[in-house]
Amino acid sequence: MMDIKAGNFNLGKSISIHILLIFVLSLLLLIPKLFFDFVLSDRQMMLDSALHSITDSWAHEQLIAPPVLAFKGQKTVFTDSDPKNWQKQDVTLFLLPEDVAVTAKLKGEERKRGIYNATLYRAQIDMKGSFDLGKLKESVRSLGIESLRLVDSTPLLYFFLSDAAGIEEVQKLEVNGQSLKAKPGAIKLSNLDSFMAHFDDDLKETVHFDCSYTVRGSLSFAFRALADSAKLNVEGLNLNPGFKGRFLPSKREVQDKTFTANYMLTSLASGYTDLYLDDIPDFNNDIMIDIQDSSQHYTFIERLSKYALLFIGMTFVTILAFELVSGKLISLVQYVTVGAALLLFYLVLLSLSEHLSFTLSYSCAAFLMSVLIALYMKAAFKSYKKGITVFLVLVALYIILYTIVNAQTYALLLGTGLLVLMLCIVMYITRHIGEEKTL
């Protein structure tokens with residue numbers, strides 16, 4: 001430790017060099033922080049690998065959609081400019097429901113792979129709705145293809161979902177009161193799997209359908225509103241939802257591990273028309289509910305690590321203030337040791353968060369590092385008072401940092417405020433550097 005009150009060296013120059021070296025040291029400490037970033041990235045990859053190994057044997061993200069009627073048709077295609085050179089081309093016409101009401105009851109369960117948990121679910125799906133075949137001819141004309149005609153007036157009923165491997169049981173499939181047997185679908189639409197049913201008789205102008213089935217899924221549950229009017233009611237048990245997609249619920253209620261969400265969509269909002277030729281455009285997920293939140297602590301830690309330089313700077317400024325007040329400069333090696341402890345905080349937090357809740361892990365890691373650095377500063381300055389002050393300052397900084405990370409909307413404002421505060425402190429404690437002493 002160097003006594004800056006001694007008169008055998010240039011006081012202002014020594015302090016200036018000391019502050020410059022502390023600044024350079026703060027930047028150099030970002031190099032070992034890169035090691036932590038690599039560790040964090042590796043743990044995130046291990047989590048993704050564990051989740052996929054579980055979901056591969058269960059079912060992946062599940063997207064469901066109302067049924068569609070598939071009609072066989074033909075259109076005339078001219079091979080060149082000569083009108084005599086033409087051929088018939090088979091096409092498939094997809095008629096969307098006039099209205100549909102869907103109830104989805106999701107029940108979550110946890111599966112472990114090592115230290116990682118995957119949230120899986122079973123969904124009981126109940127669908128009721130109707131088709132208006134009276135619109136079929138008008139809808140065909142609206143496609144603007146004069147040579148298009150229907151080959152068979154008896155369509156197939158298709159139910160689309162993203163992962164058919166998750167289908168456990170189709171409990172009921174009725175059309176106009178007639179019970180039908182579900183079979184594997186022969187059509188993949190927009191990368192969706194399907195199951196289907198054949199009709200034995202010609203259909204009436206209005207076709208009513210009623211279907212119930214159980215499907216497995218993981219990570220998320222999504223719905224595509226293929227109907228002129230669609231209602232969806234979702235109930236969840238043992239799940240923590242995150243609402244995404246093109247549309248948010250018109251009404252929702254979220255409690256501890258349970259939730260309900262109600263959606264009402266029309267074709268005016270969703271953009272779907274009554275009839276499509278060969279394919280239905282993919283408007284992404286109209287409705288999506290995330291149910292996997294086990295990686296949230298990694299997201300929080302990643303946000304925390306972005307403030308590492310700010311945190312190191314605030315701590316070093318505090319120590320520098322003690323140096324100027326006490327009149328003694330501590331060694332740069334001791335600054336390096338304190339900086340290493342500040343970076344070790346992130347590794348301790350990462351390790352604990354994989355086994356404990358994030359809040360408890362953060363509290364333990366912050367308390368441990370605060371005590372460790374406070375005891376070290378007490379020994380360096382030989383002062384219990386300064387050690388306690390450093391402890392209180394670190395605790396305050398950790399609380400502020402936790403608030404910044406959780407308050408995403410105000411994170412920039414709070415972070416900028418801390419930078420301004422740090423600059424004010426530096427300007428205050430360096431305001432007399434370079435002044436000549438009055439003898």
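Buried means a relative accessible area under 20%, exposed means over 50%, and partly exposed lies in between. The exercises below use a predicted model.

**Exercise 1. Cysteines**

Task: Decide whether Cys211 and Cys364 are buried, exposed or partly exposed, and state how many disulfides the structure holds.

Solution: 
- Step 1. Cys211 has a relative accessible area of 0%. This value is under 20%, so Cys211 is buried.
- Step 2. Cys364 has a relative accessible area of 36%. This value lies between 20% and 50%, so Cys364 is partly exposed.
- Step 3. A disulfide requires two cysteine sulfur atoms within 2.5 Å. The structure holds zero disulfides.

**Exercise 2. The partners of β20**

Task: In which sense, parallel or antiparallel, does β20 pair with β14 and with β16?

Solution: 
- Step 1. Strand β14 (residues 220-223) pairs with β20 (residues 287-290) in the antiparallel sense, over four bridges. Ser220 stands opposite Asp290 of β20.
- Step 2. Strand β16 (residues 242-244) also pairs with β20 in the antiparallel sense, over three bridges. Here Phe243 has Ile289 of β20 as its bridge partner.

**Exercise 3. Aromatic pairs**

Task: Classify the ring pairs Phe195 with Tyr213 and Tyr362 with Tyr402.

Solution: 
- Step 1. A pair of aromatic rings is described by the distance of the centres and the angle of the planes. The structure has 18 aromatic pairs.
- Step 2. The ring centres of Phe195 and Tyr213 are 5.3 Å apart and the planes stand at 75°. An angle over 60 degrees counts as edge-to-face, so this pair is edge-to-face.
- Step 3. Locate the two residues: Phe195 is in strand β12 (residues 193-198) and Tyr213 in strand β13, 18 residues apart. Phe195 is buried at 5% relative accessible area, and Tyr213 is buried at 0%.
- Step 4. Tyr362 and Tyr402 are 5.0 Å apart, centre to centre, with 50° between the planes, and the pair is tilted.
- Step 5. Tyr362 lies in helix α8 (residues 358-381) and Tyr402 in helix α9 (residues 384-406), so their pair ties together parts 40 residues apart in sequence. Tyr362 is buried, with 5% relative accessibility, whereas Tyr402 is partly exposed, with 24%.
- Step 6. Both tyrosines belong to a cluster linked by ring pairs, which also includes Phe36, Phe300 and Tyr398.

**Exercise 4. Charges over rings**

Task: Which rings have Arg216 and Lys378 over their faces?

Solution: 
- Step 1. Arg216 lies over the face of Trp58, 5.2 Å from the ring centre.
- Step 2. Lys378 lies over the face of Tyr384, 4.5 Å from the ring centre.

Methods
Residues are numbered from 1 along each chain as its sequence is written. This is a predicted model: local features need pLDDT of at least 70, side-chain atom pairs count only at pLDDT 80 or more; totals for chains, interfaces and linings use all residues. Side-chain values use heavy atoms; hydrogens and water are left out. Buried means under 20% relative accessible area, exposed over 50%, partly exposed in between (1.4 Å probe, protein chains only). Rings of Phe, Tyr and Trp (its six-membered ring) pair if their centres lie within 6.5 Å; planes under 30 degrees apart count as stacked, over 60 as edge-to-face and the rest as tilted. A charge sits over a ring if NZ of Lys or CZ of Arg is within 6 Å of the ring centre and within 35 degrees of the ring normal. Two strands pair if DSSP finds at least two bridges between them.
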